[in-house]
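Subject: Structure handover

Hello,

The structure you asked about is below, with the sequence. My notes on what was found follow it.

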Amino acid sequence: MVSQTRRRFLKGATTAAIAFPMINMGSYRVFAQSAATYSARAIDLVNSNLVIDMLSVLAPLGPMMLAAFGQEPKRADGMVLDEDHVAKLLSMGIDVFHPAIGVGTRDEAFSIMARYNAYASEHPGLLVRVDSVADLERVRAKDRIGFILGLQTADHFQELDDIDLFYNLGQRVCQLTYNSRNLIGTGATDRSDGGLSSYGVQVVERMNEVGMVVDVSHCGDQTTLDAFEFSKKPVLITHSNCRALVPGHPRCKTDEAIKAAAKSGGVMGITGVRNFIRNQEPTTIEQMLDHYDHVARLVGIEHLGVGSDMDPDGYDDIPEPAYSALKSGYRDSYSFRDKIDTDGFDHPKRMYDLTEGLIRRGYSNEDIGLILGGNFKRALADIWTA
C-alpha cells in the first residue's frame, strides 16, 4: 500500500531541506528523479488549492492503447493501476482527475463504468469516486485522489432513461459527441454540422434534470453553440484550445463558443496537445500559456481551467505500433506532427510547470487558484444540483 499522501508530499517540499534540498533561494527540488526546481510560491499554490484536471487519464496510456488496438491479449487489463503508478499520481499535485475516454457501444460504456468503479475498491483510502461537490472537499480533507466518472461520447444514451441509468452508475460528465455525428449532434471533424437534433435537445434537458455535466469539447461548432442555447445549466468545455491562435483547427473553439461558455457560467479547460496549441514549431509551454491568456482576456479568469488531455507521462511515450495506430484513427484535420505532447508539459510534474508559467505571466495567487480548480468546482456545484 502506498503510504505517501499528496499533501504530505508537497508540504515536505517547503519544510524539509534534507528530503528536498534547496537549490537556490526560494527554489526546491520536488521530484528526486528530476533536477527541475520550483519556486516556493508555485509549490504553495499547488499545495493550498484544490487542483482539478478535467481531462486526464488515470491509467498509463501505453498499456491502454496496446489493449485497445489488439496488441495485447483480450483478457489483459490495460487500465490497471499498480502501486508504482498510484505513487506517481500522488506526486503530481492533482487532487481530482476526470479520466474520460471514448467508447463505441453501450456495452463498452457499461464496461468502462465498471472498471472505473473498481478503482476505489482496489485502492481504498487513496482513490475516491467523486459524485458531488462534498466529495471534492472530502478528497482534500483526507489527502486522497478523486476521480470523476465521464465518457467522451453520449452514444450510449440510446434512450433518455439511459441518462438516469448511467447517472446511477456514477457518471457525472458526458460529451454529447466525439468527433463524428451521432443521434444527438455533430462531432468536431464532420464535414458539416447541423447542430443538435431534436433528440439531442431532449438529452441536454434530461442531463440538466439529473445533474450531469454537458461537455462539448469534441462537438462541432453549431452543436457546441446549440448546447449553450438549450442548456439551463452551465456547459463545460473540459479540454480544448482557442481557434483564434490555431486558425482552422476543428478541435479548437471559436471566440463565439468561448463567449457562450462564459455566458452559461461554464469553464474551458486548456489542453497540452501540441497540434491544438500551435500549427508550427516550436510548440512549448509558453505557447500553451498564450491560450490561457486569450481566454482570460476574452471572458475573464473565472471561466478558465485545466484539461490537459493526457496521462501522467503524455502521449509520446506510447509504444509502437499503438502510437501510430492512435494517430491514424483521426482525420487529417487533426494535423498531427512528429510529436503530440507540448514541450515542457509532457511529464508528471506538469502542474508545477503550469503554475510557474502563470506566475511568469503575472497572474495573482487568487487567479491561479481559480484556474487550478476553483472555477471548475464552482461550475460543478451549479450543474450537479439536480
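Three helices, α3 (61-68), α5 (106-122) and α13 (322-328), each supply at least two residues of the lining of the largest pocket. Please keep in mind throughout that this is a predicted model.

**Pocket**

Sorted by class, 25 of the lining residues are nonpolar, 12 are polar and eight are charged. The space in this pocket is about 1,200 Å³.

**Cores**

The largest nonpolar core holds 100 residues, and F157, L176 and Y292 touch the most other members. Helix α12 (residues 285-299) contributes the most to this core, namely seven residues. Apart from neighbours within four places in sequence, Y292 has contacts with I270, L304, G305, V306, L354, L358, Y363 and I371. There is also a second, separate core, made up of 18 residues, with L50, V96, V128 and V213 among them.

**Helix α9**

The buried residues in α9 (residues 221-230) include T223, T224, L225, D226, A227 and F228. What do the buried residues of α9 pack against? Their partners are β10 (213-215), β11 (237-242), β12 (252-253) and α10 (255-264).

**Cysteines**

A search of the whole structure turned up zero disulfides. C174, for one, is in no disulfide, and the nearest cysteine sulfur, which belongs to C219, is 9.6 Å away. C174 counts as buried because its relative accessibility is 0%, and the cut-off for buried is under 20%. For C242, the closest cysteine sulfur is in C252 at 7.3 Å, so the two are too far apart for a bond; the limit applied is 2.5 Å between sulfur atoms. C242 likewise counts as buried, at 0% relative accessibility.

**Loop residues**

- H98 sits in the loop between β5 and α5. Its relative accessibility is 1%, so H98 counts as buried. Leaving out residues up to four places away in sequence, H98 touches D53, M54, L55, S56, I148, G150 and V173.
- I94 is in the loop between α4 (83-90) and β5 (96-97). I94 is buried, with a relative accessible area of 1%. From I94 to P73 the separation is 21 residues in sequence and 32 Å in space, C-alpha to C-alpha.
- F336 belongs to the loop between α13 and α14 (350-360). Is F336 buried or partly exposed? At 24% relative accessibility, F336 counts as partly exposed, because that class starts where buried, under 20%, ends and runs up to the exposed class, over 50%. F336 and N241 lie 95 residues apart in sequence, and 15 Å separates them in space, C-alpha to C-alpha.

Regards

Key. Residues numbered from 1 in each chain as written. Predicted model: local features only at pLDDT ≥ 70, side-chain atom pairs only at ≥ 80, totals over all residues. Heavy atoms only, no water. Core = buried A, V, L, I, M, F, W, Y, C linked by side-chain atoms within 4.5 Å. Buried < 20%, exposed > 50% of the residue type's maximum accessible area, 1.4 Å probe, protein only. Helix = DSSP H or I, 4+ residues; strand = E, 2+ residues; numbered from the N terminus. Contact = heavy atoms within 4.5 Å. 1 Å grid on protein atoms, 1.4 Å probe; cavity = no way out; pocket = protein on both sides within 12 Å on 5 of 7 lines; lining within 4 Å. Points joined across faces, edges and corners; volume = space filled by probe spheres on them. Nonpolar A, V, L, I, M, F, W, Y, C, P; charged D, E, K, R; others polar.
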